[in-house]
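Reader: Hi! Could you take me on a close look at the place where the ligand sits and tell me what surrounds it?

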Amino acid sequence: MLTVILKKEVEGVFVDQFYSFNSVLFPSRIMNASGPLCTWEQELNALGESASGAIVLKTTTFEPRAGNDRPKYFENEWGSINSNGLENLGYKKYCELIPKLKRFNKPVISSLSGFSLEEFTTMVGALDQAGADILEINLSCPNIAGKPQVAYDFEMSEKYLHTIRSTTEKPLWVKLPPYFETIHRQEMARILLKNEVNGVTLINSLGNALIVDPEKEQAVIKPKQGLGGVGGKYVKPVALGNVFTFSQELENKIPVIGVGGIYTGMDAFEFFLCGAQLVQIGTAYKSQGPGIFARVQGELNELLQRKNYARIEDAIGKLKVVEGEEYGFGA
Ligand code: DHB
């Protein structure tokens with residue numbers, strides 16, 4: 001599944017390998033998450049020029065969408081809440097942009113969400129033809145009123161993935177929401193294996209959460225009465241739990257792409273320990289901009305050196321069971 005191909009320098013940070021997943025070459029295991037700052041051409045070019053290991057596009061829909069009313073994004077020291085409402089240019093425009101993005105020589109990953117199975121298959125066919133290297137099927141957008149997340153309906157997810165799988169040979173990743181019960185993680189892992197998906201991105205934001213401003217006695221965002229998807233530090237333990245369980249259930253047959261609360265190289269390292277092969281950054285990319293990818297990569301490299309790991313591969317999936325005394329405060 002994973003082959004080390006050659007050495008390369010990216011933006012002055014030594015990224016010591018190219019990685020091959022699904023026969024696609026990645027210059028780094030750290031990339032942006034579909035969501036913030038990946039909708040407009042200028043943002044996508046900035047990702048191309050950055051140390052991001054791929055250009056992951058904002059989830060596209062069949063028609064262009066203006067998205068929800070503002071304010072629809074808020075961030076504090078623990079993370080973010082968004083109810084963007086799938087603001088995007090529509091798949092036809094992304095089909096025009098994708099060939100141009102290939103000049104950056106890194107994978108172009110096109111995220112998509114249809115409001116019907118037919119919309120999904122039409123978009124998959126067109127984005128495949130346009131040259132997307134990987135298609136990320138988003139079954140977990142929480143922000144469209146009256147459209148529940150497909151990924152919480154296992155029967156529907158299976159039907160969708162079965163049909164989508166039969167329409168393309170391109171690598172298919174599936175973006176999932178957090179699951180809180182082991183049997184739900186096991187059931188979804190079974191569906192992913194059965195339908196031969198090539199990657200699973202965990203986790204999307206925690207849907208229909210609420211952040212309150214107690215002074216003003218109001219929610220901090222406007223759409224859906226203030227309910228939105230929460231990301232950032234708030235969600236990291238939930239993300240790690242999902243990455244850990246799915247990695248075990250998928251038995252290394254499908255790579256896990258970890259996302260949720262990565263701000264530092266140490267955060268990324270935790271995801272690798274729990275079994276992630278690649279990681280994505282959302283909230284912290286939104287607040288810090290495209291320089292974050294080189295910074296997190298540099299911090300990860302330093303951490304690996306300090307811990308005497310020659311390569312990140314040696315740490316992937318190596319989380320140990322705790323032994324000895326209980327952790328005290330500050331441990
Ligand atoms: C949006 C939010 C998501 O979490 C997602 O997966 C897709 C879209 C949004 O509101 O635009």
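Author: Happy to. One term to begin with: helices (at least four residues) and strands (at least two) are DSSP runs, numbered from the N terminus. Please keep in mind that this is a predicted model.

Let's start with the pocket itself. The ligand sits in the largest pocket, which holds about 790 Å³ of space. Its lining is made up of 43 residues, and those nearest the centre are Ser34, Gly35, Pro36, Lys58 and Asn82. Several elements each give at least two residues to this lining: strand S9 (79-82), strand S17 (228-231), strand S19 (278-281) and helix H8 (283-288). Sorted by class, the lining has 20 polar, 16 nonpolar and 7 charged residues.

Around the ligand are Lys58, Asn82, Asn84, Gly85, Leu86, Asn138, Ser140, Cys141, Pro142, Asn143, Asn204 and Ser205. By class, this shell has 8 polar, 3 nonpolar and 1 charged residues.

In the side chain of Lys58, an N or O atom is 2.8 Å from an oxygen atom of the ligand. The side chain of Asn138 likewise has an N or O atom 2.8 Å from a ligand oxygen. As for cover, the ligand on its own has 290 Å² of accessible area, and the protein covers 93% of it.

Key: Residues are numbered from 1 along each chain as its sequence is written. This is a predicted model: local features need pLDDT of at least 70, side-chain atom pairs count only at pLDDT 80 or more; totals for chains, interfaces and linings use all residues. Side-chain values use heavy atoms; hydrogens and water are left out. A residue is near a molecule or strand if one of its heavy atoms lies within 4 Å of it. A polar contact is a pair of N or O atoms within 3.5 Å; within protein, one must be able to donate a hydrogen and the other to accept it, and residues adjacent in sequence count only if both atoms are side-chain atoms. Accessible areas come from the Shrake-Rupley method with a 1.4 Å probe; for residues, only the protein chains shown count as cover. On a 1 Å grid over the protein atoms alone, a cavity is a set of points where a 1.4 Å probe fits but cannot get out, and a pocket is an open set with protein on both sides within 12 Å along at least five of seven lines; lining residues have an atom within 4 Å of a point. A molecule sits in a cavity or pocket if more than half of its atoms lie within 2 Å of its grid points. Ala, Val, Leu, Ile, Met, Phe, Trp, Tyr, Cys and Pro count as nonpolar, Asp, Glu, Lys and Arg as charged, and the others, Gly among them, as polar. Grid points are joined across faces, edges and corners, and a volume is the space filled by probe spheres set on the points.
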